[in-house]
Amino acid sequence: MQDMILKLEDLVYKTSKTILEFGEEVVSYKISEIKWSKKEILGHLIDSAIHNLQRFTEVQFEPKPYIVRKYNQNDLVKVNRYQECTIENIVELWGTLNKQIIFVIKNLSTEELNYKIDIEKDDLKTLDWLIVDYVEHIQHHSKQILNHKQ
C-alpha cells in the first residue's frame, strides 16, 4: 500500500503543478460540447475523490460487504460547473481532498484493507483493490490532462 500512497502523492503533485502552468485558456478549451475540458476532467477527479473518500471511510464502520454506490459523473461535472471555476480553485480542492484520502489510507490496518466491498451485485473486491483502482483512475485522467494536445 505504501507504493500506492507514493504514487498518489506524486500524481497529485505533478498533475497540479503542470495544469497550473497551462493557463486558463488552455485548461478551459473544449474540443466539443460533449467533451470535457482539462478543468472539467480535473473536476471529475474532484467528484471521484469525494465519493472515494466517503467509501474509504464508511467501509470501516458499515456492514460488510460494503456496497459501493455509483454516481453520475456527467451530471456532477455539469452541476458543479467546473468549467466556470478558476483552475486555481479546482486544483486546491482536488489537492486538499487527496491529502485527506492519503491520510486515511496511511492509517488503514491490514485487516481493514481486506474488508469486502460489493462493486456491483455480488462482485466482491477488497478495500485494497478499491484504493488501487482509485489511483489508476487518477493516472488515466492525469494522462488525458497532461498529454492531450490542445
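Leu42 touches Ile19, Ile87, Ile90, Val91, Trp94 and Ile145, leaving out residues up to four places away in sequence; contact here means heavy atoms within 4.5 Å. Leu42 is found in helix H3 and, at 0% relative accessibility, counts as buried (buried is under 20% relative accessible area, exposed over 50%, partly exposed in between, with a 1.4 Å probe and protein chains only). This is a predicted model, in which local features need pLDDT of at least 70 and side-chain atom pairs count only at pLDDT 80 or more, while totals for chains, interfaces and linings use all residues. Residues are numbered from 1 along each chain as its sequence is written, and side-chain values use heavy atoms, with hydrogens and water left out.

**The core and its residues**

- The largest nonpolar core holds 40 residues, and Leu8, Leu42, Phe56, Ile101 and Tyr134 touch the most other members. Such a core is a set of buried Ala, Val, Leu, Ile, Met, Phe, Trp, Tyr and Cys residues joined through side-chain atoms within 4.5 Å.
- Helix H1 (2–22), helix H3 (38–58), helix H5 (87–106) and H7 each give two or more residues to this core, and H5 gives the most, with nine.
- In soluble globular proteins, nonpolar side chains tend to be buried together.
- Setting aside neighbours within four places in sequence, Tyr134 is in contact with Leu8, Ser48, Ala49, Asn52, Phe56, Asn98 and Ile101.
- Thr15 lies in helix H1 and is buried, with a relative accessible area of 0%. Not counting residues up to four places away in sequence, Thr15 touches Trp94, Ser142, Ile145 and Leu146.

**The sheet and its surroundings**

- Three strands form an open sheet in the order S1-S2-S3, with mixed pairing; two strands pair if DSSP finds at least two bridges between them.
- Strand S1 (66–67) and strand S3 (124–126) are the edge strands, each pairing on one side only.
- Helix H7 (residues 127–147) packs on the sheet, where H7 touches S2 and S3, and the direction of H7 makes about 80° with that of S3. Axes are lines fitted to C-alpha atoms, for helices over the stretch in contact, and angles run from 0 to 180 degrees between N-to-C directions.
- S1 and strand S2 (residues 116–118) pair in the parallel sense over two bridges, and Ile67 stands opposite Asp118 in S2.
- Asp122 sits in the loop between S2 and S3 and is exposed, with a relative accessible area of 63%. Asp122 and Ile67 are 55 residues apart in sequence and 9.5 Å apart in space, C-alpha to C-alpha.

**The chain as a whole**

- The protein chain has seven helices and three strands, running α-α-α-β-α-α-α-β-β-α from the N terminus. Helices (H or I, at least four residues) and strands (E, at least two) are DSSP runs, numbered from the N terminus.
- With 150 residues, a compact globule would have a radius of gyration near 15 Å, and the 16 Å of the protein chain agrees. The radius is taken over C-alpha atoms, and the globule rule is 2.2 Å times the number of residues to the power 0.38.
- The C-alpha trace spans about 45 × 30 × 20 Å along its principal axes.
- Buried residues make up 41% of the 150 residues in the protein chain.
- Of the contacts with a separation of 6 or more, 74% join residues 24 or more positions apart.
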